[in-house]
Amino acid sequence: YTIPSILQLDIGDTNWVMTSSFIIFTMQTGFGMLESGCVSIKNEVNIMMKNVADVVLGGLTYWMFGFALSFGNGPYTTPFMGVGNFFVDPEVTDPLMGPTFAAFLFQLSFATTATTIVSGAMAERCNFKAYCLFSLINTVVYCIPAGWAWGDHGFLQRLGYVDIAGSGPVHLIGGSSALASAYMLGPRLGRYELGNEPLPLGSPVNAVMGLFVLWWGWLAFNSGSTYGISGSKWHYAARAAVQTMLGSFGGGCVGLGYSMFLREGKLDIMDLINSILGSLVSVTAGCFLYRSWEALLIGTLGGIIACVTMPLIDKVHIDDPVGASSVHGASALWGVVAVGLFADNPYPLDTTNGRSGLFKGGGWYMVGVQFLGAFCFFCYRSSSSSMQIPLVWCVNKIVPIRMKPFDELLGADLTEHHIRHSQVGVSRALSALRPFNHDDIGLETIKHVGSNPGHEKYINDNYEEPTINDESIQNTINITQPKISAKGESVKEKHKNEKNNRNKKKSNKVNIKNNNQKEIQLASLEALKADEIPKYAWVD
């Protein structure tokens with residue numbers, strides 16, 4: 001019995017792999033923040049819930065059959081697909097129990113990342129229930145090509161294909177899935193009515209914070225892919241982390257220059273974010289095989305590719321709200337090919353089977369294998385998209401994939417999660433759509449986000465501000481007034497007190513009248529403002 005390479009871990013390697021897995025899982029936070037920052041406010045919770053569904057449902061199916069299809073070594077395993085080790089659960093007496101769980105956890109973090117890429121491209125118009133069904137199925141799309149590249153049985157791995165951290169199986173497959181999904185769903189309502197320019201971000205701060213979390217997770221993504229720190233692995237783990245950062249520096253510089261040049265000195269946030277992410281994707285395949293200047297160059301070109309392809313995709317009216325197709329698709333294709341050009345032979349590791357890239361005197365073999373790998377991934381994703389059409393039709397019969405216009409205009413947060421934001425146009429949309437839609441979402445029972453209906457009711461019941469005419473207030477005034485005996489009160493003082501009471505009542509009446517006039521003026525002003533607002537503005 002030969003121990004599979006994925007399970008050849010000692011204690012130190014297992015510790016390194018598990019720690020890297022924990023950090024890679026934080027990338028889900030980064031994806032969620034980035035995507036929620038890119039969509040409109042009325043859909044930010046919905047996109048976060050889709051990221052949760054990716055982890056929960058995609059993780060469950062990866063445990064059931066995904067890991068087996070990628071790394072199974074049973075008797076029915078073929079170069080195309082692994083078979084064996086379904087429902088991962090080794091016995092406590094199994095000497096490979098620890099390595100098996102560590103390997104599964106590490107690969108699970110990769111699988112959930114690949115499925116999450118798609119959620120951003122489908123944002124703001126995909127039915128949540130239908131998306132959950134896709135999360136269950138999408139595991140198959142990732143796990144089979146992952147076995148080609150990393151499984152001992154994989155035909156690409158046997159040919160010498162090199163992809164250290166997944167530019168091909170994770171990002172190229174994920175980016176292709178994002179492009180296919182965005183195309184099948186169609187653009188958001190009114191997306192290209194006013195041109196191809198990007199829509200306003202729902203929360204630019206969230207988007208930038210998501211970038212930083214992804215940046216952090218990428219270090220574990222790449223350096224953890226040495227798959228240990230024993231022997232000479234720790235040297236290359238350190239090299240992978242530094243080259244990853246250098247690649248992102250090149251992409252970031254491109255984003256700054258590209259945006260300021262095209263936008264007359266103004267910096268577009270998404271240009272910078274996606275140029276950095278594109279550079280990280282492109283350097284991932286050969287993260288510890290490059291010299292520093294090579295990593296910088298590869299990252300720079302990856303950033304350029306991401307920035308240039310985003311507007312091209314919008315020109316053909318494929319609506320990808322976060323640019324996942326460009327960042328994870330186009331930049332990943334360059335990253336796969338770059339290994340065949342720049343790769344070092346990482347002696348004494350056998351990552352490249354002793355080969356080097358074209359520019360290192362290794363000839364054309366690695367270039368050819370890397371092109372073959374990219375071609376196979378692209379064809380596989382194209383064919384799987386074709387196979388998905390009947391599946392999409394069946395799912396659509398059960399749960400409509402595309403949200404109804406009524407739900408899309410109101411926002412998925414309200415219609416699917418009963419979360420009501422302020423100032424996102426819900427009232428105006430309801431007024432405009434009421435003659436054409438009879439669905440009752442029970443808006444009057446849905447409170448604004450951040451409110452506490454219990455506190456509001458308690459205040460209304462116990463501390464409601466009374467008017468001056470309330471009998472209880474008059475009684476309180478009478479009770480709290482000092483009682484002066486008629487014998488000790490002079491006639492002059494009595495007249496003075498009566499005059500003061502009359503003045504108080506008169507003052508109260510004047511205040512009430514002034515308040516009413518102010519309310520009328522404010523109502524008139526609001527009506528005037530409402531007339532001046534264009535029809536396409538959304539006002540609550």
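**Stop 1: the second largest pocket**

Select helix 4 (97-121) and helix 5; each of them supplies at least two residues of the lining of the second largest pocket. The model on screen is a predicted one. Helix 4 gives the largest share of this lining, with 3 residues. The space in the second largest pocket is about 860 Å³. To find the middle of the pocket, select Ser5, Ser225, Tyr227, Asp350 and Thr351, the closest to its centre of the 26 residues that line it. Coloured by class, the lining of this pocket shows 12 nonpolar, 10 polar and 4 charged residues.

**Stop 2: helix 5 against helix 7**

Show side chains on the helix 5 face first: Val141, Tyr142, Pro145, Ala146, Ala149 and Trp150. By class, the contact of helix 5 with helix 7 has 9 nonpolar residues and 1 polar residue, with no charged residues.

**Stop 3: the second largest cavity**

Which helices each supply at least two residues of the lining of the second largest cavity? Helix 4, helix 5 and helix 7 do. Select Ala114, Thr115, Val118, Asn138, Val141, Tyr142, Ile173, Gly174 and Ser177 to outline this cavity.

**Stop 4: helix 7 against helix 12**

Stay on helix 7 and bring in helix 12. These helices pack at an angle of about 145°, with their axes 7 Å apart, and the crossing is left-handed. On helix 7, select Ser167, Gly168, His171, Leu172, Gly175, Ala178 and Leu179. On helix 12, select Ala324, Ser325, His328, Gly329, Ala332, Leu333 and Val336. The residues of this contact divide into 7 nonpolar and 7 polar, with no charged residue.

**Stop 5: helix 12 against helix 10**

Helix 10 and helix 12 pack at an angle of about 40°, with their axes 8 Å apart. That angle makes helix 10 oblique to helix 12. The crossing of helix 10 and helix 12 is right-handed. Helix 10 makes this contact through Asn274, Leu277, Gly278, Val281 and Ser282. From helix 12 come Val327, His328, Ser331, Ala332, Trp334 and Gly335. By class, the contact of helix 10 with helix 12 has 5 nonpolar and 6 polar residues, and no charged residues. His328 and Ala332 take part here and also in the contact with helix 7.

**Stop 6: the largest cavity**

How many cavities of 30 Å³ or more are there? The count comes to 2. The largest cavity has about 80 Å³ of space. Select Phe31, Leu34, Glu35, Ile117, Leu214, Asn274, Leu277, Val322, Gly323, Ala324, Val327 and His328 to see its lining. Helix 2 (27-38), helix 10 (269-284) and helix 12 (324-342) are the elements that give two or more residues to that lining. Asn274, Leu277, Val327 and His328 line this cavity and belong to the contact of helix 10 with helix 12. The lining of the largest cavity has 8 nonpolar, 3 polar and 1 charged residues by class.

**Stop 7: two backbone details**

Most residues other than glycine have a negative phi, and most peptide bonds are trans.

Go to Glu264, in the loop between helix 9 (233-262) and helix 10. Glu264 has a positive phi of about 55°, although it is not a glycine.

Then select Tyr347 and Pro348, which are joined by a cis peptide bond with an omega of about 5°. Pro348 lies in the loop between helix 12 and helix 13 (365-398).

Notes. Residues numbered from 1 in each chain as written. Predicted model: local features only at pLDDT ≥ 70, side-chain atom pairs only at ≥ 80, totals over all residues. Heavy atoms only, no water. Contact = heavy atoms within 4.5 Å. Helix = DSSP H or I, 4+ residues; strand = E, 2+ residues; numbered from the N terminus. Nonpolar A, V, L, I, M, F, W, Y, C, P; charged D, E, K, R; others polar. 1 Å grid on protein atoms, 1.4 Å probe; cavity = no way out; pocket = protein on both sides within 12 Å on 5 of 7 lines; lining within 4 Å. Points joined across faces, edges and corners; volume = space filled by probe spheres on them. Axes fitted to C-alpha atoms, helices over the stretch in contact; angles between N-to-C directions. Left-handed = near helix turned anticlockwise from the far one by under 90°. Parallel < 35°, antiparallel > 145°, perpendicular 65-115°, else oblique.
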